[in-house]
Amino acid sequence: MKTRITLLIATIALCTVAAMGQVINLPAPALNDTATLKYALENRCSHRDYDATLGISRQNLSNMLWAGWGFNREDKRTAPSALDRQEITLYVCTHQGTYRYQAEDHTLELVHKSDIMKLTGKQDFVENASINILYVCDKDLSASSEMSAVCCGAISQNIALYCASTGLKNVVRGSFDGEKLRQVLHLSGAQYILLAQSVGYPANR
Ligand SMILES: Cc1cc2nc3c(=O)[nH]c(=O)nc-3n(C[C@H](O)[C@H](O)[C@H](O)COP(=O)(O)O)c2cc1C
């Protein structure tokens, strides 16, 4: 019950910021839990049955985004990219709006105010996830589409392992309408969506 109230407050906080059209300052990442890498590897799996009533706290979101694609050195990140092009940007879709993860200052910038959760995939479960992450690639920065796909795989696996270490569930997805999402999010001609990833809490915990 306490967890649900906390998550509800986190969701209301996100919603308020969305209404104001502002940037969300994420709390500093705090990956100080005791889960081992072996535990995360043993528990990593794809999950497709989410509890639609549960949101992710800001702290969990902060930790997850930093683990996935945050800066762990002055100008380099937790995942590799070919020629250090860093051509991927994470878009975080919630029921309250879609945000762009700005790793430089560890913030979320609101880029779309309405709920596009359902649009992020072709499978019914996607709208029950707490968030859906879209991996947006900038062709102008990319060394090649293959190299960007590898980079995307590394980021999404970082996030999958973070999830497995904390009890969150996830699945990476190639099934989505990239063109529709491109239009809705007003992506530039150089940007395209490489991958999606649903994250949330399992139904019937
Ligand atoms: C590039 C890629 C695309 C995938 N696309 C989807 C998808 O669209 N929908 C889905 O439910 N699972 C998708 N998956 C998840 C796979 O189905 C899943 O990894 C596989 O069944 C093995 O299960 P596991 O991840 O639990 O080990 C995708 C996985 C990868 C690596």
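1. How far does helix α3 reach from its first C-alpha to its last, and what is expected at 1.5 Å a residue? In this predicted model, helix α3 covers residues 58-69, which makes 12 residues, and reaches 16 Å between its end C-alpha atoms, close to the 16 Å expected.

2. Of the 205 residues in the chain, 39% are buried. Among contacts between residues at least 6 apart in sequence, 74% join residues that are at least 24 apart.

3. The largest nonpolar core contains 47 residues, and those with the most contacts inside this core are Val92, Ile133, Leu134 and Tyr135. Two or more residues of this core come from each of α3, β2, β3, β5 (131-138), α4 and β7 (191-200), and the largest share, 9 residues, is given by α4. As a general background, nonpolar side chains tend to be buried together in soluble globular proteins.

4. Val92 can be followed in more detail. When residues up to four places away in sequence are not counted, Val92 touches Thr98, Tyr99, Tyr101, Leu108, Ile131 and Ile133; of these, Ile133 is itself listed with Val92 among the core residues with the most contacts.

5. Strand β7 is joined to two other strands. It is connected to β5 by 8 bridges, and β5 and β7 run antiparallel; within this pairing, Asp138 has Gln191 in β7 as its bridge partner. Strand β6 (residues 169-173) is joined to β7 by 5 bridges, again in an antiparallel arrangement, and Arg173 stands opposite Ala196 in β7. Strand β7 is also mostly covered, since 8 of its 10 residues are buried.

6. Just after α4, Gly167 takes a positive phi of about 95°.

7. Which residues does Ser165 contact, leaving aside its neighbours within four places in sequence? Ser165 lies in helix α4, and it counts as buried because 21 other C-beta atoms lie within 10 Å, where 20 or more are required. Its contacts beyond those neighbours are with Asp33, Ala35, Tyr39 and Ala40.

8. Finally, the residues around the ligand are Cys45, Ser46, Arg48, Gln123, Val171, Val172, Arg173, Gly174 and Ser175. Sorted by class, this shell has 3 nonpolar, 4 polar and 2 charged residues. One of the residues around the ligand, Arg173, is also the residue that stands opposite Ala196 in β7.

Conventions:
Residues numbered from 1 in each chain as written. Predicted model: local features only at pLDDT ≥ 70, side-chain atom pairs only at ≥ 80, totals over all residues. Near = placed C-beta within 6 Å. Nonpolar A, V, L, I, M, F, W, Y, C, P; charged D, E, K, R; others polar. Helix = DSSP H or I, 4+ residues; strand = E, 2+ residues; numbered from the N terminus. Expected span 1.5 Å × (residues − 1). Core = buried A, V, L, I, M, F, W, Y, C linked by C-beta atoms within 7 Å. Buried ≥ 20, exposed ≤ 12 C-beta atoms within 10 Å, placed from the backbone. Contact = placed C-beta atoms within 7 Å. Pairing = 2+ DSSP bridges.
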